[in-house]
Amino acid sequence: MSADQKVALITGGSRGIGLGIAVVLAKEGWSLAINGLRDETEVAETLEQLRNFGAKTIYCQGSVSSTEDREAILLQIRQELGQLNALINNAGIAPEERKDLLEATEESFDLLMDTNLKGPYFLTQAVANWMIAQKKNDAEFTGCIVNISSISAHIISTNRGDYCLTKAGIHMATKLWAARMAEFGVPVYEVQPGVIHSDMTAGVQEKYDRLIANGLTHERRWGEPEDIGKAVAMLLRGELSYATGQVLNIDGGMTIREI
Ligand code: NAP
């Protein structure tokens, strides 16, 4: 897929991993719809940074967990950019407080499920229907969907069970949507990041510094948002063809098992 004139929606695209993805896609010539919760004035500098790469960039403020917001985001893209070729389901949250399974609350569970699983699942549904319609109108149309899940889709943390469950759910959603969209030529992939520098991991920097130094990852460094960006850009360029539903582990070799 050439990025010429193509439009990508990146949820949670104004910081952290989402911004890493946006920067790489901007450099490759994609037009960008950046979604997030914050007000546009708070992300103005970041949007400017993306525009400086030459990328046409709009900001779609709204929560992926809200039906109305999801509809408004897609309407805005339709009106301002006219098409949508790639959806990157990246927005996500960790529990406000890491709590043991024996104590974690239903409130945290519901919030994480709404944000990390239900939101992207139904955003995918809406985008999938729009992509099918675009393909019907234009045989040359190309679409692609990428879910950013986590190593937590299959590695447990007993102090954030809710988070792990949402990511395991996204892993299944990848397979479901990959199967459903195959007949329309829209591949659906998943990227499972390891430990990546971002606001989400800022509070556990020291813990992971120590773990990485002691061999948690074979590549002994933190992952950076652009490591994920490069993987997503590769997928959107169509360089992993005949492989819908596949998962890329961008985790410094953390998931290589050893005895
Ligand atoms: P982050 O720095 O905390 O950024 C999260 C982004 O998601 C922000 O842009 C935020 O918007 C947006 N967001 C949160 N709730 C939202 C909602 N309801 N609707 C729309 N946008 C929302 O997190 P990150 O580390 O970049 O994580 C990005 C994704 O990667 C998440 O799905 C996370 O689970 C996954 N991941 C992260 C790591 C890691 O080590 N960092 C590892 C594996 C997987 P605002 O900027 O407007 O607040």
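Trainee: Okay, axes here are lines fitted to C-alpha atoms, for helices over the stretch in contact, with angles taken between N-to-C directions. At what angle do H3 and H4 pack?

Mentor: About 35°, with 10 Å between the two axes. Keep in mind that this is a predicted model. H3 covers residues 67–80.

Trainee: Left-handed or right-handed crossing?

Mentor: H3 goes past H4 in a right-handed crossing. On the H3 side, the contact uses Arg70, Leu74, Ile77 and Arg78. H4 brings Gly119, Phe122, Leu123, Ala126, Val127 and Trp130.

Trainee: And how does that contact split by class?

Mentor: Seven residues are nonpolar, one is polar and two are charged.

Trainee: Where does H4 bend?

Mentor: At aspartate 114, by about 40°.

Trainee: What about H4 with H5, how far apart are their axes?

Mentor: They sit 9 Å apart, and the packing angle is about 15°. H4 is therefore roughly parallel to H5. For your bearings, H4 is residues 106–137 and H5 is residues 161–181.

Trainee: Which hand is the crossing there?

Mentor: Right-handed, as H4 passes H5. By class, that contact has 15 nonpolar, six polar and two charged residues.

Trainee: Switching topic: what's the angle between H1 and H8?

Mentor: About 50°, with the axes 7 Å apart. H1 runs over residues 16–27, while H8 takes residues 225–236.

Trainee: Got it. How does H1 pass H8, and which residues meet?

Mentor: The crossing is right-handed. From H1 you have Gly16, Ile17, Gly20, Ile21, Val23, Val24, Leu25 and Lys27. Facing them in H8 are Pro225, Glu226, Ile228, Gly229, Lys230, Val232, Ala233 and Leu236.

Trainee: How many of those are nonpolar, polar and charged?

Mentor: In the contact of H1 with H8, 10 are nonpolar, three polar and three charged.

Notes. Residues are numbered from 1 along each chain as its sequence is written. This is a predicted model: local features need pLDDT of at least 70, side-chain atom pairs count only at pLDDT 80 or more; totals for chains, interfaces and linings use all residues. Side-chain values use heavy atoms; hydrogens and water are left out. Axes are lines fitted to C-alpha atoms, for helices over the stretch in contact, and angles run from 0 to 180 degrees between N-to-C directions. Helices (H or I, at least four residues) and strands (E, at least two) are DSSP runs, numbered from the N terminus. Angles under 35 degrees count as roughly parallel, over 145 as roughly antiparallel, 65 to 115 as roughly perpendicular and the rest as oblique. A crossing is left-handed if the near helix is turned anticlockwise from the far one by less than a right angle, and right-handed if clockwise. Ala, Val, Leu, Ile, Met, Phe, Trp, Tyr, Cys and Pro count as nonpolar, Asp, Glu, Lys and Arg as charged, and the others, Gly among them, as polar. Contact means heavy atoms within 4.5 Å. The bend at a residue is the angle between axes fitted to the seven residues ending there and the seven starting there.
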